[in-house]
Amino acid sequence: MLQNGFQALQTGDLARAEQISRQLVARNPQDEGALLLLAMSLDAQTRLDEAAAIFERLTALFPERAEHWLNLGYLERSRDNTAAARHALERSIALDPQQCEPLRELGLIESAAGLNHIAAVHLSAALALQPDDATLRAQTARTCQRAGRSDEATALLQGWANWTRGNPDALADVAWTLMENGDMETAGHALELAERQAPDNASILAKRAAFLERTNRVDDAGALLARISLRNDDLKEEIDVVRAQIAGRSGNADEAYAIYETLVRDERIALRRPELFFALAQISDKRQDAAQAMSWLQQGHAVQMQQLRASLAPQAELDAMLMPPVDVSAQDYAGWLGVSSPSATESPIFVVGFPRSGTTLLETILDAHPQLSCMDERPFVDELVQQIRERGHDYPRDLGKLDDATCDALREHYWKQVRERSQAEAGKRLVDKNPLSMTRLPLIHRLFPNAKIILALRDPRDVVLSNYMQIFRAPAYARMCERLDSTAQGYAVAFTAWNRFAGVFKLDLLQTRHEDVVDDVAGFSRRLCEFLGLEWSESMVAFHEHAAKRGYIGTPSYHQVVEPVNRKGIGRWQRYAQWLQPASSVLAPYVSQFGYAEVTGATSDAPP
């Protein structure tokens with residue numbers, strides 16, 4: 001009789017399957033097979049609450065059976081009961097650690113909640129048990145990328161064209177990871193392949209629309225989205241987010257605001273997508289409503305911090321940006337071992353500065369010069385620290401002990417990463433723009449002591465406010481930007497280190513002020529070329545046209561640098577002066593050092 005019930009379930013006769021299972025349970029309330037049939041038939045009829053009660057009964061009667069806990073975990077996830085799903089899945093894993101599925105499910109739950117560090121651990125463990133699962137591999141790569149484990153993500157993506165064959169959903173996930181890793185050409189190709197394999201797959205079309213918006217092809221994104229926006233309720237959240245982004249880029253701020261506000265009213269969405277609060281804050285700021293902007297920002301930061309703390313990241317790791325870096329004194333520097341070094345033209349041009357100080361604008365102007373090539377923000381300098389440690393040295397204490405062979409090997413590793421992991425054009429001088437490389441100045445000076453360095457400055461109050469108004473994925477940086485006063489403290493830590501380092505090393509340095517760049521792009525670009533020893537190019541003035549052709553720009557400013565230069569954002573801090581007050585004493589020395597008056601002329605049109 002039980003076999004007949006399962007046959008009815010398999011053929012879709014759900015009422016018959018339920019009837020048989022209930023007859024069997026009436027005879028024996030502890031009949032494991034009958035209870036399982038009943039739970040599955042109720043689940044298939046989307047009677048989830050009733051099904052959950054039966055699965056709970058199975059786990060109570062047979063607590064050592066891992067599969068019952070797994071089934072309960074699946075069901076609780078369907079009911080959006082995250083806490084109960086986690087508990088059930090963790091119990092299943094504890095009973096049978098060699099199961100792939102509960103690890104995968106738990107990883108997907110944590111990823112959906114924004115807890116990518118935990119998700120990456122679970123998904124990686126699941127993949128180790130089922131290494132040929134293309135969908136799982138693509139999910140793991142994407143989660144590792146979002147968790148900041150880019151090396152692991154890159155390794156997982158190797159050979160993607162082969163292992164995603166016949167799996168367009170995995171292909172689309174791979175494309176998104178490639179995009180987040182800055183490989184836009186390959187990402188676009190992968191999405192085109194995915195759409196070709198599944199032209200009516202709404203999820204893939206939504207990803208392509210988001211990709212087009214992210215690469216500044218807003219009209220194309222809108223046209224593609226129109227094909228799916230009215231026909232797929234399952235993807236409503238994903239589609240609505242892209243709709244809002246396109247509306248905002250198209251000048252329809254009210255429409256974007258309404259979409260975002262509707263999304264955050266759903267607590268389940270709000271608790272896993274803090275970026276929506278930041279988007280609402282940006283629109284409120286454009287409306288000159290500082291109080292409402294601050295309200296959204298406070299909510300967004302609270303959700304993000306809740307996610308980070310749930311990720312169980314060590315507090316010392318979260319506070320890393322607030323800790324003073326290890327110093328290199330003049331006495332230390334005097335004792336450094338002499339080594340050979342490349343010339344300025346053989347070295348990268350480093351663009352550094354605290355984030356949101358105009359480094360992306362500088363990079364875009366430089367990239368428009370025909371003899372220069374940029375590679376977007378890449379962590380290649382930072383990754384050299386680990387290379388030093390793997391060679392048995394302490395950083396930065398042993399920098400002076402590095403000999404010619406070691407320095408050559410480190411430089412070769414850097415250039416290898418540039419060749420293999422960036423879109424920089426061979427035969428042109430490289431521009432390495434990464435704002436916080438300013439804190440790695442001892443390392444830069446050790447390997448490239450003749451390099452040209454450009455320091456981007458902006459009114460510290462505008463810088464701190466702009467950082468607070470952005471959502472950052474790097475855990476330590478997000479923690480630093482949790483409050484305005486903590487952001488100001490991080491700024492002070494960075495520039496205290498910069499001032500010490502700049503006083504020790506002999507730098508070939510150009511300091512720039514964002515406000516001066518904005519006021520005279522032509523004059524500033526000539527000054528840049530003079531500093532770099534290049535002939536001036538008129539293309540540097542029309543940098544926004546070059547940026548539009550470039551497509552992807554992997555910073556929060558990606559939508560701004562494809563527009564002509566303007567004074568938006570200059571003096572914006574004054575509208576937020578009352579909230580910035582706790583940070584004013586920390587920033588005052590830098591306001592003075594960099595030549596900003598205590599009160600600057602604010603503009604009335606100061607959106608981000």
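Student: How many salt bridges does the structure hold?
Tutor: Happy to start there, and keep in mind that this is a predicted model. Side chains of opposite charge can pair when their charged atoms come close. Counting a Lys or Arg side-chain nitrogen within 4 Å of an Asp or Glu carboxyl oxygen as a salt bridge, the total is 46.

Student: How many residues apart in sequence are the parts that Glu195 and Arg227 tie together?
Tutor: Glu195 forms a salt bridge with Arg227, with the closest N and O atoms 3.4 Å apart. Glu195 lies in helix α13 (residues 184–197) and Arg227 in the loop between α15 (218–226) and α16 (236–249), so the parts tied together are separated in sequence by 32 residues.

Student: Is Glu195 buried or exposed?
Tutor: Buried means under 20% relative accessible area. Glu195 has a relative accessibility of 13%, so Glu195 counts as buried.

Student: Which helix holds Glu213, the partner of Arg249?
Tutor: A salt bridge joins the side chains of Arg249 and Glu213, at 2.8 Å from N to O. This pair links distant parts of the chain, 36 residues apart, with Arg249 in helix α16 and Glu213 in helix α14.

Student: What is the relative accessible area of Glu213?
Tutor: Let's take the two partners in turn. Arg249 counts as partly exposed at 24% relative accessibility. Glu213 is buried, because its relative accessible area is 2%.

Student: Which residue forms a salt bridge with Arg419?
Tutor: Arg419 is exposed, with a relative accessible area of 54%. The closest N and O atoms are 2.9 Å apart, and the partner of Arg419 is Glu412.

Student: Where is Thr46 found, and what is its phi?
Tutor: Most residues other than glycine have a negative phi. Thr46 is found in the loop between α3 (32–44) and α4 (48–61), and it counts as exposed at 63% relative accessibility. Its phi is positive, near 55°.

Student: Is Arg356 buried or exposed?
Tutor: Arg356 has a positive phi of about 70° although it is not a glycine. It is found in the loop between β1 (349–352) and α23 (359–367). With a relative accessibility of 12%, Arg356 counts as buried.

Student: Which residue does a cis peptide bond join to Pro396?
Tutor: Most peptide bonds are trans. Pro396 is found in the loop between α24 (380–390) and α25 (404–421). Omega is about 0° for the cis bond here, and the residue joined to Pro396 is Tyr395.

How values were computed: Residues are numbered from 1 along each chain as its sequence is written. This is a predicted model: local features need pLDDT of at least 70, side-chain atom pairs count only at pLDDT 80 or more; totals for chains, interfaces and linings use all residues. Side-chain values use heavy atoms; hydrogens and water are left out. Helices (H or I, at least four residues) and strands (E, at least two) are DSSP runs, numbered from the N terminus. Buried means under 20% relative accessible area, exposed over 50%, partly exposed in between (1.4 Å probe, protein chains only).
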